[in-house]
Every structure is written in structure tokens, then in C-alpha cells.
Amino acid sequence: FGRTHVLLAGAPSGPPLIIVHGGNGDAVQMAVAYLGFAERHRCVFVDVPGEPNRSEGPRIPRGDDSLAQWMGEVLEGLELGGPLSMLGMSAGAYVVLRSAMGLGDRVRRVVALVPEGFCELAPIPAPTPANAGAFVESITAPESGFPAIVLQRMVEAMARAFGALREPMELGPLFTAADFEGFETPVLVVAGGRDVLFPIEELSARVQALIPNLADLL
């Protein structure tokens with residue numbers, strides 16, 4: 001799959017926590033947001049191949065066991081056996097769920113933040129630097145109340161990310177009941193009540209219908 005870049009934080013003796021970014025993202029943004037977990041865990045912030053980050057190689061195929069194979073190699077390279085926990089955001093939630101399906105009892109629990117894979121993504125502009133403003137406008141509700149400076153920073157960040165894309169964003173196939181057959185890992189799903197990309201009603205319905213050991217849905 002190519003060389004995978006990771007950031008490590010926390011005592012090596014702490015329980016392992018694998019943290020995976022969303023589409024068009026990187027390990028740095030997740031480390032900034034979730035570094036507090038390093039107080040209790042050995043955090044591994046992973047750069048997914050094919051995204052605008054420091055990992056090598058093309059996007060990993062989705063919908064089969066390729067993501068689990070890749071994650072298994074990452075864990076082997078880091079000498080992490082288990083049990084471990086996994087947290088992913090959006091496309092990263094898809095990655096950790098697919099990985100957990102293939103890693104079995106090595107994964108003790110999964111946290112999926114606004115997970116991809118349970119409902120169709122709302123229409124969005126093509127991810128190009130010229131479309132950064134339109135992209136931000138499409139994912140922020142008019143009543144969101146974001147200050148102008150925050151929206152400006154979001155547009156600038158999106159433009160940089162889109163400019164660094166090596167490949168077009170690729171969504172995996174939606175999860176099915178067959179994917180979760182025999183899946184026993186507890187899953188916590190956190191979704192947004194006003195999420196524009198993944199509407200809460202459809203996401204919630206399919207999450208509850210498909211995940212057999214849903215620890216909670218927030």
C-alpha cells in the first residue's frame with residue numbers, strides 16, 4: 001500500500017487509540033482536535049494514503065478487505081497487537097469500521113463521528129481550489145452563525161487541501177447488513193442534528209438497523 005505516515009502521542013504503555021481523519025484531511029488536524037486523549041492513551045494519528053498528507057501510495061480500495069489489510073500492516077509496523085480502540089471522523093469513520101471488520105477481537109471498541117457509509121452524501125461542488133468558497137457555503141447552514149473570519153479561514157483551508165489532492169475523492173459503497181454479520185465490536189456513533197452532508201434522519205435509521213452492537217447513538 002506504500003509507506004504510511006503517523007503521529008504518535010502519549011505514553012507507550014498507554015492503551016492504544018487509533019485516530020483517523022476524514023476525506024481531504026490529515027493526521028495533524030486530528031492531533032490538534034484530539035490531543036487530550038494522549039493523557040490516557042497511546043494515540044496513533046494516521047495519514048490515510050491517497051489524501052493530501054504525508055503518506056505514500058494511491059487511495060486504498062474500498063468495499064473489500066483492503067482497508068483492514070492496510071490497517072493490520074500499520075499496527076504490525078507499530079508493534080500494536082491489541083486490544084485497541086479506534087476513532088474515525090466522516091471518511092475516517094468508514095476506514096475504522098472497515099478495519100475493525102477485518103481485525104476481529106483486536107479492536108475492543110469503535111467511535112464513529114458523522115460516519116460515511118450509511119447514507120448518500122449530499123451534492124457538493126467538485127473539490128478544487130476555485131470551488132473552495134462554494135464548498136464551504138454548501139456545508140454550512142445560513143443560520144449557523146459562523147463569524148466571517150471563521151468562514152474565511154475555512155475557505156482558505158479548503159483551498160489549500162484541494163490544491164494538494166493527488167486523486168479525486170472516492171466514496172466507498174454504502175454498508176449493508178452483510179457487512180456487519182457477526183460483527184461484535186461495540187460502536188459509538190456521534191452525528192450532527194443539522195449535518196448538511198449526512199442528514200441525521202437517514203443516517204440514524206441505517207446505523208440503528210445495521211450495527212448489531214451499537215453502544216450508543218449521540
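In which sense do strand 2 and strand 4 pair, and over how many bridges? Strand 2 (residues 16-20) pairs with strand 4 in the parallel sense, over 4 bridges. This is a predicted model. Its open sheet holds 7 strands in the order 1-3-2-4-5-6-7, with mixed pairing.

**Sheet order and edges**

- The sheet is open and its 7 strands follow the order 1-3-2-4-5-6-7.
- Strand 1 (6-9) and strand 7 (214-217) are the edge strands, and each pairs on one side only.
- On average, neighbouring strands of this sheet are turned by 15° against each other, direction ignored.

**Strand pairing**

- Between strand 2 and strand 4 there are 4 bridges in the parallel sense.
- Ile18 has Met86 in strand 4 as its bridge partner.
- Strand 4 (residues 84-89) also pairs with strand 5 (residues 107-113), in the parallel sense and over 6 bridges.
- Within this pairing, Ser85 stands opposite Arg109 in strand 5.
- From strand 4 the chain passes through helix 3 (residues 91-103) to strand 5, a β-α-β crossover that is right-handed.
- Strand 5 and strand 6 (residues 187-190) run parallel and are joined by 4 bridges.
- Val111 stands opposite Leu188 in strand 6.
- As background, side chains in a regular strand alternate between the two faces of the sheet.

**Helices packed on the sheet**

- For the strand 2 and strand 4 pair, parallel over 4 bridges, the packing partners include helix 1 (residues 27-34), which touches strand 1, strand 2, strand 3 (42-46), strand 4 and strand 5.
- The direction of helix 1 makes about 145° with that of strand 3.
- Helix 6 (residues 200-210) packs on the sheet too, touching strand 6 and strand 7.
- The direction of helix 6 makes about 165° with that of strand 7.

**Helix 3**

- The 13 residues of helix 3 should span 18 Å at 1.5 Å a residue, and the end C-alpha atoms are 18 Å apart, which agrees.
- Helix 3 is mostly covered, with 11 of its 13 residues buried.
- The buried residues include Ala91, Gly92, Ala93, Tyr94 and Val95.
- Further along helix 3, Arg98, Ser99, Ala100 and Leu103 are among the buried residues.
- The cover over these buried residues includes strand 2, helix 2 (66-77), strand 4, strand 5 and strand 6.
- Gly104 follows helix 3 and has a positive phi, near 60°.

**Aromatic rings**

- The model has 7 aromatic pairs.
- Tyr94 and Phe175 form a stacked pair, 4.7 Å centre to centre with 20° between the planes.
- This pair links distant parts of the chain: Tyr94 is in helix 3, and Phe175 is in the loop between helix 5 (148-163) and strand 6, 81 residues apart.
- Tyr94 has a relative accessible area of 0%, so it is buried.
- Phe175 is also buried, with a relative accessible area of 0%.
- Phe118 and Phe175 form a tilted pair, 5.0 Å centre to centre with 45° between the planes.
- That pair also links distant parts of the chain: Phe118 is in the loop between strand 5 and helix 4 (132-139), 57 residues from Phe175.
- Phe118 counts as buried because its relative accessibility is 0%, under the 20% cut-off.
- Ring pairs join Tyr94, Phe118, Phe175, Phe180 and Phe183 into a cluster.

**Single residues**

- Leu188 lies in strand 6.
- Leu188 counts as partly exposed because its relative accessibility is 25%, between the cut-offs of 20% and 50%.
- Leu188 and Ala177 are 11 residues apart in sequence, and their C-alpha atoms are 18 Å apart in space.
- Most residues other than glycine have a negative phi.
- Asn24 has a positive phi, near 60°, and is found in the loop between strand 2 and helix 1.
- Asn24 is buried, with a relative accessible area of 12%.
- Val114 also has a positive phi, near 35°, and its place is in the loop between strand 5 and helix 4.

Terms used. Residues numbered from 1 in each chain as written. Predicted model: local features only at pLDDT ≥ 70, side-chain atom pairs only at ≥ 80, totals over all residues. Heavy atoms only, no water. Pairing = 2+ DSSP bridges. Helix = DSSP H or I, 4+ residues; strand = E, 2+ residues; numbered from the N terminus. Right-handed = clockwise from strand over helix to strand, strands pointing away. Axes fitted to C-alpha atoms, helices over the stretch in contact; angles between N-to-C directions. Contact = heavy atoms within 4.5 Å. Expected span 1.5 Å × (residues − 1). Buried < 20%, exposed > 50% of the residue type's maximum accessible area, 1.4 Å probe, protein only. Phe/Tyr/Trp six-rings, centres within 6.5 Å; stacked < 30°, edge-to-face > 60°.
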